[in-house]
Each structure stands twice: as C-alpha cells, then as structure tokens.
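I opened the notebook to look up charged pairs, cores and sheet pairing. The entries follow in the order I checked them.

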Amino acid sequence: RYSVLDESDWSTPITISSGDDWFVNWADFPSVVKIGGELWAAHWLAKRPGGTFAYDVAVSLSHDGGQTWGESITPHTDNTPTEHGFVSLFPWQDGVGGLWLDGRNMSGHDNGGMTLRSAVIDTESELAFEHLADEMVCDCCQTDVTVGPEGPVAVYRNRTEEEIRDIYVMRAIEGKWQPGSPVDEDGWKIAGCPVNGPAITSNGEALAVAWFTAADETPKVRFARSADGGVSFENPLDVAITRPAGRVGVALADDGSATVSWLRVGADAKGEIVIRNVSHDGELGEERLIATTNAGRMSGFPQLVRDDDNLVLAWTDTLGKITQVRSALLKTSL
C-alpha cells in the first residue's frame, strides 16, 4: 500500500497488490517509486517452490500516477529457486531500472556467492536488459540508487574472498555499469551479513552516502560526499559513535549541506531515531532525537527523504498495542 503526503496530511492508502504467497521480511521490504511524470513503479517479493529462501522479485508499473497498476513482471530470467531481493528501482533508459541481490549461483543459503544484478523494464512492462553488475556481494544488505548527471549511481555492501564487507559505489555510464569501488576502505571483516545497507542521494554533481560499519569492533555511522558524481569521495566523517545500530538514511540540500538519520540503541535498550546535520564544509551539528521505537527487527528501517526545504522521516512504531507507520515532517531548512 502507499499514501501520498500533501502538505501535512497523508492521503487515503491505495493498495497496489496483495497475496498469500509473499516473502515478508523485516529487512527486505517493498517499495513504491515515482519514476517520472505519471510513470510509477512498485516491487515486492513472491515465494516460489524450492525452499524457505526461494523467492522472486515482482515489479508492477502504473501509468496514471499510482491510481491503477499493471500485472507484475519478474526482472530476472534465471528461474532458479533461490533468493532475489533487496531491490532498488530508479529511472533508467526511458524505463524503470532495477538493481537487486541475486542468489542464482548459491547452491544453498550458506553456500556459493550472492551476485548483484540489474535490468531495465520498458514502459510496456517488457524486460529490455538484464546483466551482471558485481559477481560477489554481501548476502543481505540493502542496495540504494540515485541518478547522477551521467546516469544511475548505486551503493551496496561488497564482499571479498577475505570477508571484507565495505561499502562500494558503482556508476552506470552509457547504459553499462562500471566496476564498483569502495567509498572508503573501512576494512570491516565479518564472516556473515550485518543486514545493514547504505543510503545515497544526489543533487546534480553532488552525491552523499551514509553507511554503518563496525570495523575494528567499533560501531559507527559514517558519511562521505562526492563533488564529481561519484567518481571520487572526500574523506568520510564519523557521524555517530554512541551506540549506533545503523539503518541509515541521508538527504542533501541545494547548498551542499546534508542530514543523516540512523537508529541508536538508547540507555533503556529502546530504539531511538536520530538525525544530524552536516554542513557543506563538514561541520557536524547536534544529534537530534526524533522518535523512539523498538531497537530490534520489528522496527524495520526508517526512511528519510527531502521534500523541498523540508525533511520527511517515516518509521515503524512497535511500542504500542498496534504496530503503526509514523512520520515526521521537519519544517526546518537543511
């Protein structure tokens, strides 16, 4: 379901799709994305026979601004009973680009290597392009994509044979993904997926990335800025070092300043959703507590976006008797 924010009110929710065969997971959640004009895209995950972790990506398009939705299409054609998820949807090649984690090379949940793959769905819901973007990545960290001046720019958690799982950036030039490179070499060695993906945003040539790392057994939320569309990044800043759990978001303003959001574990073990401003010259503002929620999996991943000069933060509130989606509109300049 989705709802649209009009000034300070949310519209009546609209159901895009429903089913009793979905793969529902706290970290691998559906999305609804405005691609351009009246073209919108949505995705969810559907189970298939073959095992607990056998599921496919389903993508549906709307050509009337989200009012009606077409039949779903699967952007991968491998037809294997393996994992396909952690999807990012974005405008690309006059259609809808998709980037996802793909487990077709894995013989079991703990074997083989997770790949990063991409495809384009045209406006007729036809699969136009599918290819391998990275042959081995972290198993279950979210991906994120923004559109830079030369095309899509993706961030994801990579994985080396030595189990270093740092954040990589990958640019698409002339319709083809270039090899990924580290935003910074944290050197986080971990023999398992931390389930904690990065976030990226852009404004022209300017890009900003936020991510979580626990390299050297020191949990941090980090931030790095690029002035050349993701070709290179400035030295990263440690935005949070006090009990951060990650689950980051990032928003970028016209003047180059940014806001980073993350989940912090409070002194009472509850989750605290926190934001912090970063000025265009790298000066850190004060940490601001926005809301409290559950510190565990039930609270999901808070989402942060910019809306003109405001910020919109949405999260899952599990502290009451009824689980709810809540939001905060921060009417302050970034």
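This is a predicted model: local features need pLDDT of at least 70, side-chain atom pairs count only at pLDDT 80 or more; totals for chains, interfaces and linings use all residues.

Entry 1, a buried charge. I then asked which residue forms a salt bridge with Arg264. I found Glu272, with the closest N and O atoms 2.7 Å apart. Glu272 has a relative accessible area of 14%, so Glu272 is buried as well.

I searched the whole structure and got 19 salt bridges. I noted the general point that side chains of opposite charge can pair when their charged atoms come close.

I checked its partners in turn. Asp78 forms a salt bridge with Arg104, and the closest N and O atoms are 3.2 Å apart. Asp78 sits in the loop between strand 5 (55–62) and strand 6 (84–92), and Arg104 in the loop between strand 7 (95–102) and strand 8 (114–121), so this pair ties together parts 26 residues apart in sequence. Asp78 is buried, at 17% relative accessible area. Arg104 also meets the side chain of Glu130 in a salt bridge, 2.8 Å from N to O. That pair links distant parts of the chain too, because Glu130 lies in strand 9 (residues 127–137), 26 residues from Arg104. Glu130 is partly exposed, with a relative accessible area of 24%.

I traced salt bridges linking Asp184, Asp186, Lys220, Arg222 and Asp238.

Which residues touch the most other members of the largest nonpolar core? I found Leu99, Leu116, Met170 and Trp177, in a core of 21 residues. Strands 6, 7, 8, 9, 11 (151–157) and 12 (167–173) each give two or more residues to this core. I also logged a second, separate core of 19 residues, with Phe212, Ala215, Val248 and Trp262 among them. In soluble globular proteins, nonpolar side chains tend to be buried together.

I followed an open sheet of four strands in the order 15-16-17-18, with antiparallel pairing. Strand 15 (199–203) and strand 18 (237–240) are at the edges, each with a single partner strand, so one side of each has no neighbour in the sheet. On average, neighbouring strands here are turned by 25 degrees against each other, direction ignored. I looked at strand 16 (residues 206–213) and strand 17 (residues 220–226), which pair in the antiparallel sense over seven bridges. Thr213 stands opposite Lys220 of strand 17.

How values were computed
Residues are numbered from 1 along each chain as its sequence is written. Side-chain values use heavy atoms; hydrogens and water are left out. A salt bridge is a side-chain nitrogen of Lys or Arg within 4 Å of a carboxyl oxygen of Asp or Glu. Buried means under 20% relative accessible area, exposed over 50%, partly exposed in between (1.4 Å probe, protein chains only). A nonpolar core is a set of buried Ala, Val, Leu, Ile, Met, Phe, Trp, Tyr and Cys residues joined through side-chain atoms within 4.5 Å. Two strands pair if DSSP finds at least two bridges between them. Axes are lines fitted to C-alpha atoms, for helices over the stretch in contact, and angles run from 0 to 180 degrees between N-to-C directions.
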